[in-house]
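Have the sequence and the 3D view ready as you read.

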Amino acid sequence: MRKFFVAGNWKMNKTIAESRALVQALLPDLEAIDNVDTAVCPSYLAVPAVAELCLGAELKVGAQNVHWEESGAFTGAVSPQMVSEVCDLVIVGHSERRQLFGETDETVNKRLKAGLAAGLEVIVCIGETLEENEAGQTEAVVTRQLGEGLAGISETQAASITIAYEPVWAIGTGRAATPEDANHVHKDVIRPLLKKQFGQSRAEAMRIQYGGSIKPDNAAELFAMSDIDGGLVGGASLKADSFVAIVKAASMVDIIKKESEA
Ligand code: PGA
């Protein structure tokens, strides 16, 4: 069974001092849970301070984006080498980057390849907008985003990739996808595409997170689904108690699933 992976995406929130305080509040509870992988993704400026606090801890530290070039005249951008100096992982293709900053499947692919080459684990975000959902285009959009986003990626590289399915209409709206609808996309659309590209066993081992309005009170029912392997949590990761409650929900679901398999 795949190990759950719950990551917090703090977006453009928290000063360095606030980021340190949040991680200090998270660490004791998260370090007591060993059946769920966890990560936090602060703003770039807070990353070094958070990484220092996480030295020797299981809690991983990620960046929210990365550029693909090694160095040069790219004002405002951060290179894969810079990120890998302090981070374990990086998020690419978040819908806010796509919608507000003009990122495309092509640049997602470049960021992914550059992140992997620098030794980072990469969370690749995909998901349809409300209009696309209502027009019945979810499968087509997800298929295009995965096809172009993962173009040229090998089975070996795929071992360092997590997919985050985040329907855009569910992000920050308080309106999560139903567990059944999210699981349908994971199980019947994303996993088969991963199988086609990377083969059965790699695809089975890859983690597909759900993201979009995950909260302590809907986490367990989402994680109970067969192909939801964790979550990318935005708003609810900004407070220690709600993030810990979501990680605990994953831990409990894992224990229950293992017991029922035994
Ligand atoms: P949300 O954000 O949990 O606040 O909906 C999720 C995300 O954008 O990763």
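## A buried serine

S213 counts as buried because its relative accessible area is 12%, and the cut-off for that word is under 20%. Keep in mind that this is a predicted model.

Where does S213 sit? You'll find S213 in the loop that links β7 (207–211) to α11 (216–223).

## Around the ligand

S213 is also one of the closest residues to the ligand, along with K11, H94, E166 and G172. In total, 13 residues surround the ligand. Sort that shell by class and you get 4 nonpolar, 7 polar and 2 charged residues.

K11 has a polar side-chain atom 2.7 Å from an oxygen atom of the ligand. For E166, a polar side-chain atom likewise lies 2.7 Å from a ligand oxygen, while for H94 the distance from a polar side-chain atom to a ligand oxygen is 2.6 Å. How much of the ligand does the protein cover? On its own, the ligand has 280 Å² of accessible area, and the protein covers 95% of that.

Back to K11 for a moment: this residue is in the loop between β1 (4–9) and α1 (16–31). K11 isn't a glycine, but it has a positive phi of about 55 degrees.

M252, I255 and I256 make a nonpolar surface patch of about 280 Å². To spot I256, look in helix α12, which covers residues 240–261.

How values were computed. Residues are numbered from 1 along each chain as its sequence is written. This is a predicted model: local features need pLDDT of at least 70, side-chain atom pairs count only at pLDDT 80 or more; totals for chains, interfaces and linings use all residues. Side-chain values use heavy atoms; hydrogens and water are left out. Patches are made of residues with over 30% relative accessible area and no salt bridge: like charges are joined within 9 Å, nonpolar side chains (Val, Leu, Ile, Met, Phe, Trp, Tyr) within 5 Å. Accessible areas come from the Shrake-Rupley method with a 1.4 Å probe; for residues, only the protein chains shown count as cover. A salt bridge is a side-chain nitrogen of Lys or Arg within 4 Å of a carboxyl oxygen of Asp or Glu. Helices (H or I, at least four residues) and strands (E, at least two) are DSSP runs, numbered from the N terminus. A residue is near a molecule or strand if one of its heavy atoms lies within 4 Å of it. A polar contact is a pair of N or O atoms within 3.5 Å; within protein, one must be able to donate a hydrogen and the other to accept it, and residues adjacent in sequence count only if both atoms are side-chain atoms. Ala, Val, Leu, Ile, Met, Phe, Trp, Tyr, Cys and Pro count as nonpolar, Asp, Glu, Lys and Arg as charged, and the others, Gly among them, as polar. Buried means under 20% relative accessible area, exposed over 50%, partly exposed in between (1.4 Å probe, protein chains only).
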